[in-house]
Every structure is written in structure tokens, then in C-alpha cells.
There are 2 protein chains.
Amino acid sequence: MSQDLIGTKMTDSLTDIDAVLEANLDFYRAFNERDTGAMEAIWSRTAPVLCVHPGWNALAGRDGVIQSWRAILGNPDSPRVMCHDDRAFLYDDVAIVQCEEELETGHLVATNMFIREAGTWKMIHHQASPLIVRSGEGRQGRPSPTRH
Amino acid sequence: MSQDLIGTKMTDSLTDIDAVLEANLDFYRAFNERDTGAMEAIWSRTAPVLCVHPGWNALAGRDGVIQSWRAILGNPDSPRVMCHDDRAFLYDDVAIVQCEEELETGHLVATNMFIREAGTWKMIHHQASPLIVRSGEGRQGRPSPTRH
């Protein structure tokens, strides 16, 4: 592969990563602005979608996932969430963003997945789980769920 | 598309789903048998790999992920895990399995992602988070991390 092709490939990847991170921020913007229309637009309408809210069982299928977000965004007690340390990883037409969610009451670790559809990145998976132990503070065993 | 092609496509998808679910079971087999060699073989060596153990921050990169599994599998106090309600979702060469993990101390919701590499499915992501509330028992708000 020529240097030019490598350069093009790297530029494409950087653009893709920027676009995926922007889609991820759109998700948190919709969350914080209680914008159900934007939230519904963020999720894929064609690929299978999955969602695991913190502490909940897994939801599969657009109807159940969107319904859960309508309930969350319609609840005035729902927290505001700040996303930071967001990193994107590309697998051709699928991308994963990992980030931390900062809430008033604690921190969550979130994994958000996107699929490329007609040039835009649409969400197919969200999972947020409580952050209790940072690596380096206790890596000898798998924390038991009873600790949470 | 002819009926034959539709039939072939469906058969291929079913075969892929079977293969992905089998790779997912291999992961839990390696976990329960404390088989570090099998665990290392399950994770991709070429694609970016990510892992969120319950309560931990996200690990990114094969070295950190494999090191975490060596620590967990080498710890005699690590729990045994039973996987059930496993469902696979295909996105061309990427697949997601969602399942519940049953431990003596509680239940976790796990998302395991795989990528197709040379005809086999290799793990690229694992996240397990505690299951506190099943949908239908309390869907009005996003549970706060302080509840965990």
C-alpha cells in the first residue's frame, strides 16, 4: 500500500471517529435536553437495537428501547449526565464508544454502539453500569454483584 | 430476490447465530474451567478489544484485558457463572450476544460482542453489570447508581 493510500485511510478513519464521537454526544445532548424526538432519531430504525439501563434487564427491539427512553426523558427526576473520557473504536460499519457518565450521584461506565446507515451513525446498543472500582485499586478478582 | 436466495440467506444467518452463541458459550466454559489459554484464544488478536467487568472502569487493549482475565481466572475466590437467556444479533461481520449471568451472589446482565475473523467469531467486547430491576417492576426513571 502506498503512503498516499495509508494517508487516505488514516484520514477516513479519523473522520469516522469524529463522526462517531459526535453521534455519541448527540445521544447525551438528547438525554440532557429531554428531547424524545432527537433520542428516537438517534436509534437505528433498521438494525436490531439493544439497551441495558443501569440495574435493568436487557431490552431488545426498537419499541421497548424507545418506550424506556420516553419514560426516562419524561421523568423530571431523571438525572443529568455528563459524558467524558469518550473513546471510539471502529469495526468497518460498526463502532463502539466507551465513556464515563458523571451524574450527581455517582459515575457509570457506558458502552454505546453505532452502525453506519446511509452515511450516518445510528445507535444500536447502550449499556451503562455503575463504576465502583478503578483498575489498580483492586484487580485480583471479579467484584461480586453483592458489592453493588 | 428468489425464494432460494432468501432461503440460503436465512440458513446462513441461522448458522451464524449458532456459531456466535457457541463462541459465547466457549467464553463461559473458559471462565468456569479457569482456562486462561482458552480465554486468551477467544479474544481477538487483531481488532481493538474492550472489557468492562462489573463495577470496574473500562479496559481497552488486548494486554490489559487479558491481564484482567488472568487475574480473575487465577483467583480461587472468583465465582462460577451460569449463562442463560442468551440471544445473538448479527450486524454482518459483527455480532452481539446478550445474556444473563447467574452467580451464587446475584444476577448480571452481560453484553458480549464478537467479530468474524477468518470464519471464526472472536470476542471484542464484554460488559457485565448487576441486574437490580426487571422491566415492568419500575420503569418510570433511570435507576440511580446510588441504588447499587
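**Figure 1. Surroundings of Ala110(A) in the predicted model.** Leaving out residues up to four places away in sequence, Ala110(A) touches Tyr28(A), Val97(A), Gln98(A), Cys99(A), Glu101(A), His126(A), Gln127(A) and Ala128(A). The model shown here and in every later view is predicted. Ala110(A) belongs to strand E5 of chain A, residues 106-117. Its relative accessible area is 0%, so Ala110(A) counts as buried. Cys83(A) lies 27 residues away in sequence. In space, the C-alpha atoms of Ala110(A) and Cys83(A) are 9.1 Å apart.

**Figure 2. Chain A as a whole.** Chain A has three helices and six strands. Read from the N terminus, the order of elements is α-α-β-β-α-β-β-β-β. The chain has 148 residues, and 53% of them count as buried. Among contacts in chain A with a separation of 6 or more, 46% join residues 24 or more positions apart.

**Figure 3. The relation of chain B to chain A.**

**Figure 4. The interface of chain B and chain A.** Chain B brings 62 residues to the contact, and chain A brings 63 residues. About 5,000 Å² is buried between the two chains. Carbon and sulfur atoms give 61% of that area. Polar contacts link 12 residue pairs across the interface, with both residues at pLDDT 80 or more. Salt bridges between chain B and chain A number zero.

**Figure 5. The side of chain B that touches chain A.** Seven elements are labelled in this view: strands E1 (50-52), E2 (59-60), E3 (82-91), E4 (94-103), E5 (106-117) and E6 (120-130), together with helix H3 (62-73). Each of these elements of chain B supplies at least two residues of this side. E6(B) gives the largest share, seven residues. By type, the residues of this side are 33 nonpolar, 23 polar and six charged.

**Figure 6. His125(A) and its contacts in both chains.** His125(A) sits in strand E6 of chain A, residues 120-130. With a relative accessible area of 0%, His125(A) is buried. Neighbours within four places in sequence are left aside here. In chain A, His125(A) is in contact with Trp43(A), Leu50(A), Val52(A), Thr111(A), Asn112(A) and Met113(A). In chain B, the partners of His125(A) are Ile96(B), Gln98(B) and Thr111(B).

**Figure 7. Leu73(B) in helix H3.** Leu73(B) is part of helix H3 of chain B. A relative accessible area of 6% is under 20%, so Leu73(B) counts as buried. Not counting residues up to four places away in sequence, Leu73(B) touches Ala30(B), Phe31(B), Arg34(B), Asp35(B), Thr36(B) and Met39(B). Leu103(B) is 30 residues from Leu73(B) along the chain. The C-alpha atoms of Leu73(B) and Leu103(B) are separated by 15 Å.

Figure 8. The side chains of Arg29(A) and Asp26(A) meet in a salt bridge, 2.5 Å from N to O. The two residues are three apart in helix H1 (residues 3-32) of chain A, so about one helical turn separates them. Arg29(A) is partly exposed at 40% relative accessibility. Asp26(A) is also partly exposed, at 29%.

Figure 9. Over all chains, the salt bridges number 10. Arg29(B) pairs with Glu22(B) at 3.7 Å, N to O. Glu22(B) is partly exposed, with a relative accessible area of 39%. Arg29(B) counts as partly exposed too, at 39% relative accessibility. Arg29(B) also forms a salt bridge with Asp26(B), 2.5 Å from N to O. Arg29(B) and Asp26(B) are three residues apart in helix H1 (residues 3-32) of chain B, and so are separated by about one helical turn. Asp26(B) has a relative accessible area of 30% and is partly exposed. In chain A, salt bridges with shared partners join Asp16(A), Asp93(A) and Arg116(A) into one network.

Methods:
Residues numbered from 1 in each chain as written. Chains lettered and ligands numbered in written order. Predicted model: local features only at pLDDT ≥ 70, side-chain atom pairs only at ≥ 80, totals over all residues. Heavy atoms only, no water. Contact = heavy atoms within 4.5 Å. Buried area = accessible area lost by both parts, 1.4 Å probe. Salt bridge = Lys/Arg side-chain N within 4 Å of Asp/Glu carboxyl O. Polar contact = N/O pair within 3.5 Å; in protein donor to acceptor, adjacent residues only side chain to side chain. Helix = DSSP H or I, 4+ residues; strand = E, 2+ residues; numbered from the N terminus. Nonpolar A, V, L, I, M, F, W, Y, C, P; charged D, E, K, R; others polar. Buried < 20%, exposed > 50% of the residue type's maximum accessible area, 1.4 Å probe, protein only.
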